[in-house]
Amino acid sequence: MHDRIRDGDPGAFRLLFEEHSRLVYQHAVRVTGDWSMAEDVVSLTFLEAWRLRARLRDEEGGVRPWLMGIAVNVLRNTARAARRHRQAMARVPAKDTLPDFASEVVGRMADAEQLAAAKAALGKLRRSEREVITLCVWSALSYPEAAQALGVPVGTVRSRLSRARARLQKLAEQELRKGADSASSQSEGRAGAAGPKDSLEGRKR
């Protein structure tokens with residue numbers, strides 16, 4: 001199969017996509033929190049895999065670490081492009097306020113509050129820590145597979161993952177508490193705003 005992929009066999013590459021596109025997509029969704037961006041990441045990953053197919057090597061773990069290594073690089077580039085876009089948009093004078101669909105996207109996940117907290121916490125980790133968390137924990141790559149995908153020793157993956165797990169748990173708990181406090185404040189604000197209106201209606205009656 002590796003020989004067929006390296007030779008540019010469309011059938012072999014179709015099988016590669018069918019077997020691994022879901023893994024790449026789920027990984028991208030968890031990293032970005034954006035379903036639409038994740039679809040773009042899948043497309044770019046497999047386009048890049050096709051371009052780099054001659055570099056596929058017959059190593060332990062097969063195609064998966066090679067493909068996820070490409071996905072990691074695509075996500076790095078996507079993140080840089082997104083930052084440049086935000087910076088450019090910040091320089092443009094605001095006109096009409098556009099709706100923010102981020103909450104709707106997150107709401108499609110199984111547990112929106114925990115995903116949002118995890119994503120916010122993940123953003124506070126170093127990039128090297130984020131990558132081992134998303135590969136080993138969320139995408140279930142083994143230590144050797146993650147090491148191959150990132151181009152680092154297995155021992156480095158282990159140490160990074162240990163540090164990242166401890167930091168991520170602490171940060172996620174902080175984000176969840178922050179979200180709960182914010183929701184409580186908003187609820188109290190709405191209750192306070194409703195009070196005078198209720199009193200006025202009572203006087204009218």
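H27 is located in helix α2 of a predicted model, where helices (H or I, at least four residues) are DSSP runs numbered from the N terminus. H27 counts as buried because its relative accessibility is 2%; buried means under 20% relative accessible area, exposed over 50% and partly exposed in between, with a 1.4 Å probe and protein chains only. Not counting residues up to four places away in sequence, H27 touches M68, L75, T134, L135 and S139, a contact being heavy atoms within 4.5 Å. Residues are numbered from 1 along each chain as its sequence is written. In this predicted model, local features need pLDDT of at least 70 and side-chain atom pairs count only at pLDDT 80 or more, while totals for chains, interfaces and linings use all residues; side-chain values use heavy atoms, with hydrogens and water left out.

Helix α2 bends by about 50° at H20, the bend being the angle between axes fitted to the seven residues ending at a residue and the seven starting there. H20 is also one of the buried residues of α2, which include L16, L23, V24 and H27. At the start of α2, a side-chain oxygen of D9 comes to within 2.9 Å of the backbone nitrogen of G11. Just after the helix, G33 has a positive phi of about 70°.

The largest nonpolar core has 44 residues, of which L16, W66, L67 and L135 touch the most other members. Such a core is a set of buried Ala, Val, Leu, Ile, Met, Phe, Trp, Tyr and Cys residues joined through side-chain atoms within 4.5 Å. Two or more residues each come from α2 (10-32), α3 (35-51), α4 (63-90), α6 (112-122), α7 (127-138), α8 (143-150) and α9 (154-204). The most is given by α4, with 9 residues.

Leaving aside neighbours within four places in sequence, L135 is in contact with H27, M68, V72, A140, L141, A146, A149 and L150. Just after α8, G151 takes a positive phi of about 70°. A140 lies in the loop between α7 and α8 and counts as exposed because its relative accessibility is 52%. Most residues other than glycine have a negative phi. A140 has a positive phi of about 60° although it is not a glycine.

E131 is placed in helix α7 and is buried, with a relative accessible area of 9%. Beyond residues up to four places away in sequence, E131 touches V72, R76 and L150.

The structure holds 4 aromatic pairs. Rings of Phe, Tyr and Trp (its six-membered ring) pair if their centres lie within 6.5 Å, planes under 30 degrees apart counting as stacked, over 60 as edge-to-face and the rest as tilted. F13 and F46 form an edge-to-face pair, at 6.4 Å centre to centre and 90° between the planes. F13 lies in helix α2 and F46 in helix α3, so this pair ties together parts 33 residues apart in sequence. F13 is buried at 11% relative accessibility, and F46 is buried with a relative accessible area of 6%. The ring centres of F17 and F46 are 4.8 Å apart and their planes are at 70°, so this pair is edge-to-face. F17, in helix α2, is 29 residues from F46 in helix α3. F17 counts as partly exposed, at 38% relative accessibility. Ring pairs link F13, F17, F46 and W50 into a cluster.

Notes:
A polar contact is a pair of N or O atoms within 3.5 Å; within protein, one must be able to donate a hydrogen and the other to accept it, and residues adjacent in sequence count only if both atoms are side-chain atoms.
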